[in-house]
Amino acid sequence: HDLGDAQLLDELSAAKQALFEDRFALATGALENTARLAQSKRRIARINTELREREIAAAEAAGETERTA
């Protein structure tokens with residue numbers, strides 16, 4: 001992703017809101033495209049993966065500086 005952490009968190013929040021709305025629409029029978037549920041879940045998973053990769057990279061970078069200091 002080319003987005004910053006704050007932007008990714010905003011994207012994550014928006015994706016979770018979209019999933020909530022789609023689930024609500026499914027429950028009320030208003031959702032026509034049920035594939036959107038899977039797409040939303042996948043989008044959330046991708047964002048979470050990117051955030052976790054950045055977290056791990058930051059921890060490794062911090063560990064590197066501690067060992068060299």
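**Salt bridges and their surroundings**

Modeller: Happy to! A network of salt bridges links Asp5, Glu50 and Arg54. Please keep in mind that this is a predicted model.

Colleague: Why is the contact of Asp5 with Arg54 called a salt bridge?

Modeller: The nitrogen-to-oxygen distance between the two side chains is 2.8 Å. The cut-off is within 4 Å, so the Asp5–Arg54 pair qualifies. This pair links distant parts of the chain, with Asp5 in helix α1 (residues 5-28) and Arg54 in helix α2 (residues 35-68), 49 residues apart.

Colleague: What makes Glu50 and Arg54 a salt bridge?

Modeller: Their side chains meet at 3.0 Å, N to O, and that is within 4 Å, so the label applies. Both residues lie in helix α2, four residues apart, about one turn of the helix.

Colleague: Why is Glu50 called buried?

Modeller: Glu50 has 17% relative accessibility. Buried means under 20%, so Glu50 is counted as buried.

Colleague: And how do you know that Arg54 counts as partly exposed?

Modeller: Arg54 comes to 21%.

Colleague: What makes Glu11 and Arg43 a salt bridge?

Modeller: Here the N to O distance is 2.7 Å, again within 4 Å, so the pair counts. Glu11 lies in helix α1 and Arg43 in helix α2, so this bridge ties together parts 32 residues apart in sequence. Glu11 is partly exposed at 31%, and Arg43 is partly exposed at 35%.

Colleague: How many salt bridges does the rule give?

Modeller: The count comes to five.

Definitions and conventions
Residues are numbered from 1 along each chain as its sequence is written. This is a predicted model: local features need pLDDT of at least 70, side-chain atom pairs count only at pLDDT 80 or more; totals for chains, interfaces and linings use all residues. Side-chain values use heavy atoms; hydrogens and water are left out. Helices (H or I, at least four residues) and strands (E, at least two) are DSSP runs, numbered from the N terminus. Buried means under 20% relative accessible area, exposed over 50%, partly exposed in between (1.4 Å probe, protein chains only).
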